[in-house]
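Okay, thanks for coming, everyone.

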Amino acid sequence: MTSLPTSPEDPREWKIFPRNLTARAAYIVPGNPVVTRPEDGVDNCYPGLEMDAKNIQKMFFPGLYFEVYGAPGAKLGGLMPASLAQQWIDLGLSQDDLGDDLYMWAMRGAVTDLSGTVNTVNFDFTGKQGLYVWRQINALMPGDVSVAIGPKPPAKGAPLTAAMSAMEQGTSHIERDPNGTLLWAALTAPRLDYLDAQGVLQPEVYDPGDLTRTLCTPWTYDFRDCQCFYWASNKPDVISSEDGQYEYLNFQRKNRFVEPQTQDIAYGYNARRQREIDYAEMMDDWKQLRPVLNGREQGDTYVPPEGPVGPVLTLEQIKTEVTYLASVEHALAVQYLYAFYSVDVPWVEPDKDEDLRMFRLWNSARTVFDVAIDEMRHFRWANEILSLLGAETTAKRASTLGRTFKVPFYLQSLSSPQLQWFIDVERPSRSTVAGLDGMYVGILHSLQQLPDDALDPEVRRQAVEIVKLIVDEGEGHYVRFSTAQQNFAYYDDAGRGELPSYILPGVWRDGTANANRDIPYATLYGVPVKADGEGGQMQQLSDNHYQALLMLLKIAFAIPEANLSGPALQRAIAVMFRMHSVNLEMAAKGVTPLFTLPEGWELDPPVKDADTAMQLLDRAMSLLSEAEEKAAPQALTLRAAPTKGLADVAAHHADLGEIHAAFAEAIARSRLAR
């Protein structure tokens, strides 16, 4: 098959084309949302998307509708549609029988085995949940299918045996006791085709709303079950109160009119469920759920917050601020990484069922690591803004963090005050003069105020979008750090002092008197300490990778063409993973990484031409080659450290020749060489 030539803009690369007549309508049907068209749909069978495909198969038997979500089994929910249910009503089945809670006891139909052979088999649903029944229904081939139904969930005994015997004969029969109570029924009919000959859903089978009746909307019970790791895009889990008094409240809490409210962030699943409204309340009184904007509940009237306040920066001032912020992102990434290494957790995620406390500790520490990775991305994004604005890019590291904080760069273990400092740094702000987030708000505000003759509108649009991404992720960092703080407290029984029990032993717990008044602690814990012997070799290995990585980043940031710098950066990621593996092992052995900047780095001139870029590339490769040749053998084995998949990526991109070739090609093809 010959493939058609495509380009990134060609819709054939991403568009799903409809195959039935209804979806092929050449116009958007008035009143229908765009997600009703297959080319815009996710087409997944789980609730929360544009349809729930399970509702199709719940109508597999003509005239019977089965609910499949219950633990006891598949319950007969109705005799519908009426036109198809009439045959069973004529046989003697009535709507009143449904009051006895009829369930599907057994089923007989054709299925295929692994070889593709079609076999007719019996299914006994004794002790099976409803969704298990649905899975078997989903596997049925076209043709006759028989079902046995009876009161209550199926159980072994004479009624089930009799019903299955009648079902196997392929005839329809209803058995009642002398009082007229249904004992069991065996029904046989062709499996219902849910599409007609034109590929359209059978209009006489499915009423409007049948396919969306179980979606995650506030007036349906399934909305209650949707959580943050599910597709509940329109439902938050944890919110702040309208007045801001409570920072972490369950959105579905039942005690919303009781004071004081119960903060709900570090509790287990079952405990949270007990404090939520139930399914009936969700359907009958869903209006009690308040609208949520920016993570906070709103009252009857929403008053938009005032716009950012502060001076409007000129284009040159914006360049200066973004240059500084790029260096701050670099510094924060290193601070967060260093703090992560100080936490005593295994390299791989522990089993939740075996040790819940360690599981929560591991995930809290992982949050710190993940935010460090985000800061590295912000480091890159800030440089993309500089490139868009025509400013020089930078790979420097800030020596002072924040215009308002003015705290010198330093490294220490993840002490309780240090974690609080991280939260304070990431705290959202609508002021352009307060906090790190406020500095980005000021840049965003100023970019939007620049006249067209000062900055090309398209360039401004692209820069604004990147700044918005950084601001949004910054707000996420604040929430994630706050959540991690709660989970750290759970691990340490909420009795943490300055130095929690989860900090690694040895130098990581050593206290140092703080002589710098600008650092807001009397004591620093686990500050970097140069080691001797094997520890010193590992520190040098770590520094070699850190310094080489900075040089490669500096080159990549200076290359204006993203299609050239991007592939080169992907190769450079291997260097970061190598450094990470070494640092993990060092931490476990009681040795701290140093994160030493290259000599003269703060005075190093920017990369403006290919010759300078190649010289910097040679310096980086020399550092990496030195690490390959002179590092202790035991340190070299660390690149396979099990860091939840990161080592696999590193191994895939670990060849130094590939790294050099990728950067050399990017330099030669970029505008730096012209």
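Predicted model: local features only at pLDDT ≥ 70, side-chain atom pairs only at ≥ 80, totals over all residues.

Let me start with a question: is Arg480 buried, partly exposed or exposed? Arg480 is partly exposed, at a relative accessible area of 30%. For that scale, buried is under 20% relative accessible area, exposed is over 50%, and partly exposed is in between, with a 1.4 Å probe and protein chains only.

Numbering runs from 1 along each chain as its sequence is written, and side-chain values use heavy atoms, with hydrogens and water left out.

Back to Arg480. You'll find Arg480 in helix H11, residues 457-491; helices here are DSSP runs of H or I with at least four residues, strands are E runs of at least two, and both are numbered from the N terminus. Setting aside neighbours within four places in sequence, Arg480 is in contact with Thr367, Asp370, Val371 and Asp374, where contact means heavy atoms within 4.5 Å. Take Asp370: Arg480 and Asp370 are 110 residues apart in sequence, yet their C-alpha atoms are 9.8 Å apart in space.

Now the overall picture. The protein chain has 17 helices and 15 strands. Of its 674 residues, 48% are buried. Among contacts with a separation of 6 or more, 68% are between residues 24 or more positions apart. The chain exposes about 32,700 Å², and carbon and sulfur atoms supply 54% of that; the areas come from the Shrake-Rupley method with a 1.4 Å probe, and for residues only the protein chains shown count as cover.

On to charges. The structure holds 22 salt bridges, meaning a side-chain nitrogen of Lys or Arg within 4 Å of a carboxyl oxygen of Asp or Glu. Arg460 makes one with Asp452, with the closest N and O atoms 2.9 Å apart, and Arg460 is buried at 15% relative accessible area. Another one joins Arg671 and Glu561, at 3.9 Å from N to O. Arg671 sits in the segment after helix H17 (656-669) and Glu561 in the loop between helix H12 (533-558) and H13, so this pair ties together parts that are 110 residues apart in sequence. Glu561 is buried too, at 13%.

Then there's Glu658 with Arg571, where the closest N and O atoms are 2.8 Å apart. Glu658 is in helix H17 and Arg571 in helix H13, so that pair links parts 87 residues apart in sequence. Both ends are partly exposed: Glu658 at 34%, Arg571 at 23%. And our friend Arg480 comes back here, as salt bridges that share partners join Asp374, Arg377, Glu473 and Arg480 into one network.

Staying with H13, which spans residues 562-588, we also find Asn583 there. Asn583 is buried, with a relative accessible area of 0%. The Asn583 side chain has a polar contact of 2.7 Å with the side chain of Ser542. By polar contact I mean a pair of N or O atoms within 3.5 Å; within protein, one must be able to donate a hydrogen and the other to accept it, and residues adjacent in sequence count only if both atoms are side-chain atoms. Not counting residues up to four places away, Asn583 touches Tyr341, Ser542, Pro593 and Phe595.

So what about the nonpolar side? The largest nonpolar core has 113 residues, and Tyr336, Leu414, Leu447, Phe595 and Phe663 have the most contacts inside it. Helix H7, residues 315-341, gives the most to this core, with 16 residues. A core here is a set of buried Ala, Val, Leu, Ile, Met, Phe, Trp, Tyr and Cys residues joined through side-chain atoms within 4.5 Å.

Last stop, the strands. Nine of the eleven residues of strand E3 (residues 102-112) are buried, so E3 is largely enclosed by the rest of the structure. E3 runs antiparallel to strand E5 (residues 144-151), joined by six bridges; strands pair if DSSP finds at least two bridges between them. Met107 has Val147 as its bridge partner in E5. E3 also pairs with strand E4 (residues 118-124), again antiparallel, over seven bridges. E3 and E4 form a hairpin with five residues between them, and Gly116 in the turn has a positive phi of about 95 degrees.
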